[in-house]
Amino acid sequence: MIVRATFLSLIASVLLFVQGCATPPRLPAVPSELTARAEIPGMPSVRFALGGDMTELTQIAHASLQRERDYLAKQGHKGPFPPAFFLAISGGGDNGAFTAGLINAWTATGTRPEFKVVTGISTGALIAPFAFLGPKYDTTLKEVYTTISPKDILEPRSFIGGVMSDGMADNAPLLKLTRKSVTEDFLKEVAAEYAKGRFLLIATADLDARRPIIWDMGKIATYGGPKALDLFVRVMIASASVPGGFPPMMLDVEVDGKAYQEMHVDGGIMAQVFAYPAALRINESAAAVGVTRERKLYVIRNARLDPDWAQVERSTMSIAGRSVASLIHSQGIGDLYRIYATAQRDGVDFNLGFIPSSFKAEHKEEFDTDYMRALYKTGYEMTLKGFPWLKVPPGFSPPTAVPAAIR
């Protein structure tokens with residue numbers, strides 16, 4: 001996600017450990033063995049803890065196919081299911097301007113499909129709902145990623161204030177900006193698309209459980225009203241809340257009627273991008289209920305994939321900062337390999353887009369307006385010319401069989 005903010009999180013964590021400073025109070029965390037059973041009060045089945053039983057998620061996928069079947073029947077559609085398109089948008093901070101430009105130009109070419117599934121993490125979580133609803137919100141995406149500046153995203157806290165609290169900056173401006181566009185009418189539109197069998201999924205990280213949580217944003221939208229709207233926005237912000245840099249999002253949940261509170265932060269600490277859980281074999285699962293179809297997956301990585309060389313100063317700050325950046329880069333590459341392997345297994349056509357190595361605009365600060373405008377333009381112009389989607393992640397080598405002699 002945001003390298004500088006992530007590095008601040010390391011500093012804050014160390015200082016909190018050393019100084020034992022007071023932090024804001026909270027309700028008890030969900031016990032480990034109950035994590036998968038936690039529910040939002042009044043809004044059941046809107047969140048799923050990964051790493052466990054996929055039965056419920058499989059049932060929900062089947063239910064979406066039935067909703068799609070019913071919708072197609074009302075439209076007079078006959079014959080096999082139409083192709084399904086998936087869009088996975090990664091984290092990357094202000095690099096999200098690349099996706100905004102790509103999506104808007106995709107609309108301009110007249111070839112942009114309606115996506116069956118849209119997923120997002122971090123800055124991708126801020127883009128995903130608008131990409132999900134289609135070209136109507138292209139103007140919003142362009143405005144956000146070409147006109148904002150740091151003051152529209154965060155309010156810096158004093159060094160001591162940040163250390164004594166739960167983040168080095170307050171993300172209240174980002175929350176306000178998001179609420180401006182995500183309204184109750186917006187939720188109604190998301191709910192209407194959910195009724196057609198479409199999915200909008202956002203990932204956060206449950207820091208207590210150290211598990212990724214997938215939020216079914218369409219399901220949240222179906223509940224409607226102020227509480228659903230508040231949760232919808234808070235999940236978006238939670239997914240983009242760099243731990244230590246921004247305050248975590250505290251979400252109230254319950255298990256068997258008992259109240260708990262979960263601490264959710266940037267989903268990027270678990271993965272930079274996701275399409276669907278690898279444990280969910282979508283081809284086999286759909287075939288089990290009589291559905292066969294073509295599937296195409298588009299993954300957009302809001303980062304360059306080539307190594308970014310730089311001479312590192314011999315200082316603690318430079319070494320630690322460079323190391324964190326390297327960790328995020330490597331994690332992002334690994335995510336792409338995992339997604340590709342899963343897509344190959346399930347017969348899903350894989351397509352990958354990322355920021356080209358030729359893009360080298362000066363990046364003065366996070367959410368640098370000039371930088372984002374240049375990156376938006378790059379994504380836009382690449383797409384108008386015919387975006388060079390890769391069919392295999394760079395450097396990916398498929399596993400080979402183990403020779404019989406050493407088995």
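This is a predicted model: local features need pLDDT of at least 70, side-chain atom pairs count only at pLDDT 80 or more; totals for chains, interfaces and linings use all residues.
In which sense do S2 and S10 pair, and over how many bridges? They pair in the parallel sense, over six bridges.

Residues are numbered from 1 along each chain as its sequence is written, and side-chain values use heavy atoms, with hydrogens and water left out.

1. Helices (H or I, at least four residues) and strands (E, at least two) are DSSP runs, numbered from the N terminus. Two strands count as paired if DSSP finds at least two bridges between them. On the S10 side, Phe 85 has Lys 296 as its bridge partner. S2 is also joined to strand S3 (residues 117–121) by four bridges, and these two strands run parallel. In that pairing, Ile 89 stands opposite Gly 120.

2. Burial of S2. Buried means under 20% relative accessible area, exposed over 50%, and partly exposed in between (1.4 Å probe, protein chains only). Six of the six residues of S2 are buried. Ala 84, Phe 86 and Ala 88 lie on one side and Phe 85, Leu 87 and Ile 89 on the other, so both faces of the strand are covered.

3. Helix H8. In H8 (residues 184–194), the buried residues are Phe 186, Leu 187, Val 190, Ala 191, Glu 193 and Tyr 194. They are on the same side of H8 because they cover an arc of only 160 degrees around the axis; the arc is that of the directions from the helix axis to the C-beta atoms. Asp 185 and Lys 188, on the other side of H8, are exposed. As background, an α-helix has 3.6 residues a turn, so residues three or four places apart point the same way.

4. Salt bridge between Asp 208 and Arg 26. The structure holds 18 salt bridges, each defined as a side-chain nitrogen of Lys or Arg within 4 Å of a carboxyl oxygen of Asp or Glu. In one of them, Asp 208 pairs with Arg 26, with the closest N and O atoms 2.9 Å apart. Asp 208 lies in the loop between strand S6 (199–206) and strand S7 (211–216), and Arg 26 in the loop between helix H1 (3–19) and strand S1 (47–49), so the pair ties together parts that are 182 residues apart in sequence. Both ends are partly exposed: Asp 208 has a relative accessible area of 36%, and Arg 26 is at 32%.

5. Salt bridge between Arg 179 and Asp 230. These side chains meet at 2.8 Å, N to O. The pair links distant parts of the chain, with Arg 179 in helix H7 (residues 172–181) and Asp 230 in helix H10 (residues 225–239), 51 residues apart. Arg 179 is partly exposed at 34% relative accessibility, as is Asp 230 at 29%.

6. Asp 349 is in strand S11 (residues 349–355) and Lys 296 in strand S10 (residues 295–304), so the pair ties together parts that are 53 residues apart in sequence. Asp 349 is partly exposed, with a relative accessible area of 27%. Elsewhere, salt bridges link Glu 68, Lys 116 and Arg 293 in a network.

7. On a 1 Å grid over the protein atoms alone, a cavity is a set of points where a 1.4 Å probe fits but cannot get out, and lining residues have an atom within 4 Å of a point. Grid points are joined across faces, edges and corners, and a volume is the space filled by probe spheres set on the points. Of its 25 lining residues, Ala 61, Val 117, Phe 199, Leu 280 and Ile 282 are the closest to its centre. Helix H2 (55–74) gives the most to this lining, with six residues; S2, S6, S7 and helix H11 (282–287) each supply at least two. The lining has 18 nonpolar, three polar and four charged residues, where Ala, Val, Leu, Ile, Met, Phe, Trp, Tyr, Cys and Pro count as nonpolar, Asp, Glu, Lys and Arg as charged, and the others, Gly among them, as polar.

8. Second largest cavity. Its volume is about 230 Å³. Among the 20 residues that line this cavity, the closest to its centre are Leu 126, Val 144, Tyr 145, Leu 174 and Leu 177. Helix H4 (123–133), helix H5 (138–147) and H7 each supply at least two lining residues. By class, the lining of the second largest cavity has 15 nonpolar, five polar and no charged residues.

Notes. On a 1 Å grid over the protein atoms alone, a cavity is a set of points where a 1.4 Å probe fits but cannot get out, and a pocket is an open set with protein on both sides within 12 Å along at least five of seven lines; lining residues have an atom within 4 Å of a point.
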